Amino acid sequence: MMIDNLITHSLNTSKKVINEALDSENFRQSLKEAAELIIETYNNKGKVILAGNGGSASDSQHICAEFVGRFNFDRPSLPAIALTANSSNLTCISNDYGYKNVFSRQISAHGAPNDTLIVYTTSGKSENIIELVDTARTQVKNIIAMTGSNTDLLCKKCDVIISVDSDSTPKIQEVHAIAGHLICESVEHVLFGNS
């Protein structure tokens, strides 16, 4: 396939997946519910904790930075931690306890009763994310999952599932980026009301 054909095909696929998500009432409702839980978290002096693997690790750090830094306008910093950001924690825990426990060990240290956990797993079955969710259930108040079409292992363990109806990791991640921005925008607007 020539490069121009490849680009056109990929763009068309992205457009289809993004449009289907943004046109879905379930997707929009999930975004609203997630934003409301995070607003409640911040109103109750909690924090947001995020985790994911690979590109989803980058997504979790990105959204963490939007809360701690700013999104659309200057305002007070919001507490958030990405469990993917400390390389010493990641390598120590993986070496001593196995990669399955790389996030669950950290939530045991950082999770608090008013916190919200956001997990990213495009497959919906990342072993360390499932372990994290299982451990976090008794540590934090809310769990939000960003995933693809496979929600079987997460649907009964999470408070909100933001699901993208695709099995393509890059396409799911593209929608996750939009979802994260929409949540940050909603939280910032409601908490700090800059019109």
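**Exercise 1. How do the axes of H1 and H2 cross, and which residues make the contact?**

Solution. Start with the axes: helix H1 (residues 3-23) and H2 come within 5 Å of each other, and their axes cross at roughly 70°. Keep in mind that we're working with a predicted model here. Next, classify the angle. The range 65 to 115 degrees counts as roughly perpendicular, so H1 and H2 are roughly perpendicular to each other. Finally, look for the residues involved: H1 brings Ala21, Leu22 and Asp23, while H2 brings Glu25, Phe27 and Arg28.

**Exercise 2. Work out the strand order of the sheet, then find the edge strands.**

Solution. Walk across the sheet and you'll read S2-S1-S3-S4-S5, five strands in an open sheet with parallel pairing. Now check which strands pair on one side only: those are strand S2 (80-82) and strand S5 (160-163), the edge strands. From one strand to the next, the twist averages 15°.

Zoom in on one pairing. Strand S3 (residues 116-121) runs parallel to strand S4 (residues 142-147), and six bridges link them. As an example, take Leu117: its bridge partner in S4 is Ile143.

**Exercise 3. Find the aromatic pair and say what the pair ties together.**

Solution. There's one aromatic pair in the structure. The partners are Tyr42 and Phe67, with 5.7 Å from centre to centre and 65° between the planes. Planes over 60 degrees apart count as edge-to-face, and that is the label this pair gets. Now place the residues: Tyr42 belongs to helix H2 (residues 25-43) and Phe67 to helix H3, so the pair ties together parts that are 25 residues apart in sequence.

Last step, accessibility. The cut-off for buried is under 20% relative accessible area. Tyr42, at 8%, is buried, and Phe67, at 1%, is buried too.

**Exercise 4. Where is Lys47, and what does its side chain reach?**

Solution. Locate Lys47 in the loop between H2 and S1. Its relative accessible area is 17%, so Lys47 counts as buried. Now follow the polar atoms of the side chain. One of them lies 2.8 Å from the backbone oxygen of His110. There's also a polar contact of 2.7 Å between the side chains of Lys47 and Asp115.

**Exercise 5. Is Ser166 buried or exposed, and which residues does Ser166 touch?**

Solution. Begin with the place: Ser166 sits in the loop between S5 and H7. With 12% relative accessibility, Ser166 is buried. Then list the contacts, skipping residues up to four places away in sequence: Val17, Gly148, Ser149, Lys171 and Ile172. Look at Ser149 in particular, whose C-alpha is 5.4 Å from that of Ser166, although the two are 17 residues apart in sequence. To finish, check the side chain of Ser166: one of its polar atoms lies 3.1 Å from the backbone nitrogen of Ser168.

Key: Residues numbered from 1 in each chain as written. Predicted model: local features only at pLDDT ≥ 70, side-chain atom pairs only at ≥ 80, totals over all residues. Heavy atoms only, no water. Pairing = 2+ DSSP bridges. Helix = DSSP H or I, 4+ residues; strand = E, 2+ residues; numbered from the N terminus. Axes fitted to C-alpha atoms, helices over the stretch in contact; angles between N-to-C directions. Phe/Tyr/Trp six-rings, centres within 6.5 Å; stacked < 30°, edge-to-face > 60°. Buried < 20%, exposed > 50% of the residue type's maximum accessible area, 1.4 Å probe, protein only. Contact = heavy atoms within 4.5 Å. Polar contact = N/O pair within 3.5 Å; in protein donor to acceptor, adjacent residues only side chain to side chain. Parallel < 35°, antiparallel > 145°, perpendicular 65-115°, else oblique.
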